[in-house]
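Reader: Could you take one part of this model and go through it closely, setting out the terms as you use them?

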There are 2 protein chains.
Amino acid sequence: MSATRFTLTTLGTGAAVPATGRYPSAQVLNVGEALYLVDCGEGTQERLRQAGVNFMRIGHIFISHMHGDHYLGLMGLMSTMHLLGRQSLLKIFGPPELREVIEVQLRASGTYLRYSYHFVSLVPANGVLIHQDQRVSVEMLALKHRIPCTGFVFRERTALRPLRLDMLHLIPHFKRSAVKKGEDLLLPDGTHYPNKELTLDPPPPRSYAYCSDTAYDPALQAFIAGIDLLYHEATFTTALEARARETQHSTAAQAATLARDAQVGQLLLGHFSARYRDLRPLLDEAREVFPRTTLSNDGETYAVHQRTAV
Amino acid sequence: MSATRFTLTTLGTGAAVPATGRYPSAQVLNVGEALYLVDCGEGTQERLRQAGVNFMRIGHIFISHMHGDHYLGLMGLMSTMHLLGRQSLLKIFGPPELREVIEVQLRASGTYLRYSYHFVSLVPANGVLIHQDQRVSVEMLALKHRIPCTGFVFRERTALRPLRLDMLHLIPHFKRSAVKKGEDLLLPDGTHYPNKELTLDPPPPRSYAYCSDTAYDPALQAFIAGIDLLYHEATFTTALEARARETQHSTAAQAATLARDAQVGQLLLGHFSARYRDLRPLLDEAREVFPRTTLSNDGETYAVHQRTAV
C-alpha cells in the first residue's frame, strides 16, 4: 500500500437529460492532495462544496468535450474562484471552442480575473501526453462521439523511495530527502551506502482512465491496457444498443467488454441515462462480462488501488 | 380579488458569491398560467424542478445583464428543453452579448435546437415597452450597474369583464366571450343590452417590477410609481453603504427608500450578499423606512395583490 492518496470523487454520474439525484458529469481526482477536476457540468461548484472539496485548490481542469453536461459549470466555477480571491494559476485543458466560450463570457461580463489561466487546446489523439507535473502524467484518449471528445489517462509518477526503518539511524536528517529521491549516501567520514541498501522500492504507480462520452471502441484497448481504475460511460443497457450506436454512447456490457479486454483492475460505470431509476440492470449486464465492476454514485469517493492488489 | 393567477416564485435570492442555501438570481412570474422567467443563474433548471414548475411551459425569458449569477443557467435550460422535445417558440430578451454566448455554444456543441428561439437584444432605457401579449406588457428599466443592466416592469393587461350573475340567463352561450371582451349584446328579437348592464368592471391590473442588480437610483421612481410588488436587490446593510456604492449595488435601506418614494404596494428584498447568514438586519433597516417589506426566500411563491388591496 502506498501512503500517497489517490482517490476519485464522482460528483455527477448522470447523462445529458437531468435526472433527480444524478448530476451532470464532473469528478475530482486527488493525487497526494493535488486536485484535478475532470469535466465540469452545471452545478459543479455546488457539488464540490457538498463533497467538502476546497475547490480553490484545484490546479488543473480537464474538459472532455463541448456538450453542455460536461462543461456548463466551468464559467461559474471560474467566476467564484475569482470572487473568492484566487491568485494561483489555473490550467484548463479542453477543446479549442471552450477557450472562445470562456473569453466571450469574460468579456461580456466585464470580468478581469484576479488569477491567470492557461488554456491548452486539445485535439483528441490516443496516447498523446498533454500534461506532466510532480504527481501525475496525463495522456489523451480519442473517444468516439458525435463531436470531438477526449478521454484522459492519469498515471501516478514514480513516488519517492521509502526509507528503510532499520537504516534510518544512519541517514542524517538533511540527507533524507535526497536519499528518498534515489541518491546514494556519502558520509563525511567517507562511508558510502548505495541507495538500494537504504530504501525500499516504491509501490508501482497507480493509474486512472476517464472515458465519457464514447461509443464502444476497441481501439482504446491498447491505450488503457492494465489501468488500475477505468471510469467508462454506460448510458444504456444492451436492450438499447441501437440507441447507443445512434447517439455514440455505450452500453454497460460494452464498457465491461473493453475493461475485460484491456485487463483493467476495476471498472466504474457512470453517465447513466435518466430513464434508469434502478441501475441494477446496468450493473448486472456489466458484471456478467467483467465482475470487478461498480456503479458510481454522486458524491462518492473511490480509492484507486494497484491492479495487482485487487 | 381577481381570479387570474399573478404570482412570483423566487428561485434564487443570493448574490454572486454562492452561499449555502441561497442560489443565484432566477424567478418565475406566473400570470394566468403563462410563465415568464426573469434571470437564470446556474442551476435554475434544477430549482424549477424543485419548485414544481414545468419549465417546458416557459414562453419568455428575460435576462437583466451579463454577470454569471444572472444568466449561467440559460444554456443548460435551453439544452434540456431541446432534449425533452420542446417545439414551441421561446422568446429571449437580454443583452446583445447574450445572443453571441448562446450561438457560440450551440455551434460548439453541434446542437440544432428542435424549437425556434427568438432573441430580442435589449439596450436598457427607462419605460420602453419591449413585449406585449394577451396577459402582460413588459417595460424596461435602466438599472445602474457596472455593466449594462435592465430591470423589468410587468403589467397585467386589462382582464376580461366578469359577467353579472343576475344577467347570465339573458346572454346566449355563444355570445358570452364577446360580452366578456366588452361588446354590447344584440339579441335576434332586436333587444339591445349595453355591455355595462351585463358585466362588472374587471379588477384593476396588477404590476410587478424587478430591479436587480442596481445602485440606488431615484431616477427609477417615476417608472415604478404605484407598482404593486417591487423586487429590489438589497445586497448590503447600511453599514456597507460604501461597498454598495463601489460595486453598484444597494443597501436594504436604499431599496426601501425607493419603494417608499415610488409608493409601491409591497417591497420584496433579494440578492443578499453571502456574508449575511442572518438576514434580519437587512429586513429591520428596510422596514424602518418602508414597513411593507418582506425578505424573499429561495423557492417561495408570493401572490401579487393590488396595491389598494394591501
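Author: Helix H4 of chain A, residues 96–108, comprises 13 residues and reaches 19 Å from its first C-alpha to its last, close to the 18 Å expected at 1.5 Å a residue, where the expected span is 1.5 Å times one less than the number of residues. Helices here are DSSP runs of H or I with at least four residues, strands are runs of E with at least two, and both are numbered from the N terminus. This is a predicted model, in which local features need pLDDT of at least 70 and side-chain atom pairs count only at pLDDT 80 or more, while totals for chains, interfaces and linings use all residues. Residues are numbered from 1 along each chain as its sequence is written, and chains are lettered from A and ligands numbered from 1 in the order in which they are written.

Within H4(A), A:Glu97, A:Leu98, A:Val101, A:Gln105 and A:Ala108 are buried, that is, 20 or more other C-beta atoms, placed from the backbone, lie within 10 Å of their own. Seen down the axis of H4(A), these buried residues fall within an arc of 105 degrees, so they line one face of the helix; the arc is that of the directions from the helix axis to the C-beta atoms. They pack against helix H2 (68–71), helix H3 (74–83) and strand S5 (90–94) of chain A, together with H4 of chain B, contact being counted when C-beta atoms placed from the backbone lie within 7 Å. After H4(A) comes A:Gly110, with a positive phi near 65 degrees.

The contact between the chains takes 28 residues from chain B and 28 residues from chain A, and H4(B) gives the most to the side of chain B that touches chain A, with six residues.

Conventions. Contact = placed C-beta atoms within 7 Å. Buried ≥ 20, exposed ≤ 12 C-beta atoms within 10 Å, placed from the backbone.
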